[in-house]
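Here is a short briefing to read alongside the model. Please keep the viewer open as you go through the points.

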Amino acid sequence: MSEETQRSAPGWVMPLTEYGPLVAFFIAYLLADLMTATAVVMVAAAVAVAVSFVLSRKIPWVPLVTASIVGVFGGLTLYLQDETFIKMKPTIVQVLFAGVLFGGMLFNKLPLKLLMGRTHAMPDGAWRTLTLRFAIFFIVMAALNEAVWRTQTESFWVSFKVFGITALTFVFVATQIPFMMRHAVHTDD
């Protein structure tokens, strides 16, 4: 691919595409209701993918998958006027991510290495351990989302979705950094 067709996106693009729709969802919920927030997050997710593509000429896979699932479950929520579907969306995304990781390991592939291997060199055994840890984390998060939306109020679930899932993800990733540093392979490039 030539330099004109593939370019490096500015540093703010990744956080915008990953967290922009979440922020838009939360603000819309505060200003209106869950149905309005669902419509807003659907549009924001599509716009985030488009902005990322325009700026980098690459399809951002995680935001694209998330936007697709938001489109399906958000569409069902709005069409059927049933909030169950949007509340299940985080569960579906987490289970999908876990499935990709477990499936990759089943076929002796290391999806996290493919995703992060250019910036973090580690032996395959360490990548397997890290992949297993992330897959288990995603399953736990899916179960936690199910427990919260089924037992708590709508406003509590929205706060959990926006702040709880995000914070727990950051904490989990932070706990994996020492493992990655301990198993880092240093090259003289």
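**Salt bridges and their surroundings**

Lys113 is partly exposed, at a relative accessible area of 34%; here buried means under 20% relative accessible area, exposed over 50%, and partly exposed in between (1.4 Å probe, protein chains only). Its partner is Asp124, and the two side chains meet in a salt bridge at 2.6 Å, N to O. This is a predicted model, in which local features need pLDDT of at least 70 and side-chain atom pairs count only at pLDDT 80 or more, while totals for chains, interfaces and linings use all residues. Residues are numbered from 1 along each chain as its sequence is written, and side-chain values use heavy atoms, with hydrogens and water left out.

**Charged pairs**

- The structure holds three salt bridges, each defined as a side-chain nitrogen of Lys or Arg within 4 Å of a carboxyl oxygen of Asp or Glu.
- Side chains of opposite charge can pair when their charged atoms come close.
- The side chains of Asp124 and Lys113 form one of these salt bridges. Asp124 lies in helix 6 (residues 124–151) and Lys113 in helix 5 (residues 111–116), so this pair ties together parts that are eleven residues apart in sequence.
- Helices (H or I, at least four residues) and strands (E, at least two) are DSSP runs, numbered from the N terminus.
- Asp124 is partly exposed, with a relative accessible area of 34%.
- Lys87 and Glu83 meet through their side chains in a salt bridge of 2.7 Å, N to O. Lys87 is buried at a relative accessible area of 4%, whereas Glu83 is partly exposed at 28%.
- Arg150 and Glu146 also meet in a salt bridge, at 2.7 Å, N to O. The two residues are four apart in helix 6, which means that about one helical turn separates them.
- Arg150 counts as exposed at 53% relative accessibility, while Glu146 is buried with a relative accessible area of 16%.

**A nonpolar surface patch**

- Tyr19, Val23, Ile27, Leu30, Leu31 and Phe170 form a nonpolar patch on the surface, and together they have about 620 Å² of accessible area.
- Patches are made of residues with over 30% relative accessible area and no salt bridge, with like charges joined within 9 Å and nonpolar side chains (Val, Leu, Ile, Met, Phe, Trp, Tyr) within 5 Å. Accessible areas come from the Shrake-Rupley method with a 1.4 Å probe, and for residues only the protein chains shown count as cover.
- Helix 1 (residues 13–31) gives the largest share of the patch, five residues.
- Phe170 belongs to helix 7 (residues 154–182) and is partly exposed at 48% relative accessibility.

**Two threonines**

- Thr17 sits in helix 1 and is buried, at 7% relative accessibility.
- The Thr17 side chain reaches the backbone oxygen of Met14 at 3.0 Å.
- Leaving out residues up to four places away in sequence, Thr17 touches Ala48, Ser52 and Pro63, where contact means heavy atoms within 4.5 Å.
- Thr169 lies in helix 7 and is partly exposed, with a relative accessible area of 27%. The C-alpha atoms of Thr169 and Phe137 are separated by 8.6 Å, and the two residues are 32 apart along the chain.

**Confidence**

- The chain has a mean pLDDT of 91, with 95% of its residues at 70 or more; pLDDT is the predictor's confidence in each residue, from 0 to 100.
- Among the elements of the chain, helix 6 has the highest mean pLDDT (98) and helix 5 the lowest (90).
- Over residues 1–5 the pLDDT is below 50, and this stretch has two contacts in the model beyond near neighbours in sequence.

Note on methods
A polar contact is a pair of N or O atoms within 3.5 Å; within protein, one must be able to donate a hydrogen and the other to accept it, and residues adjacent in sequence count only if both atoms are side-chain atoms.
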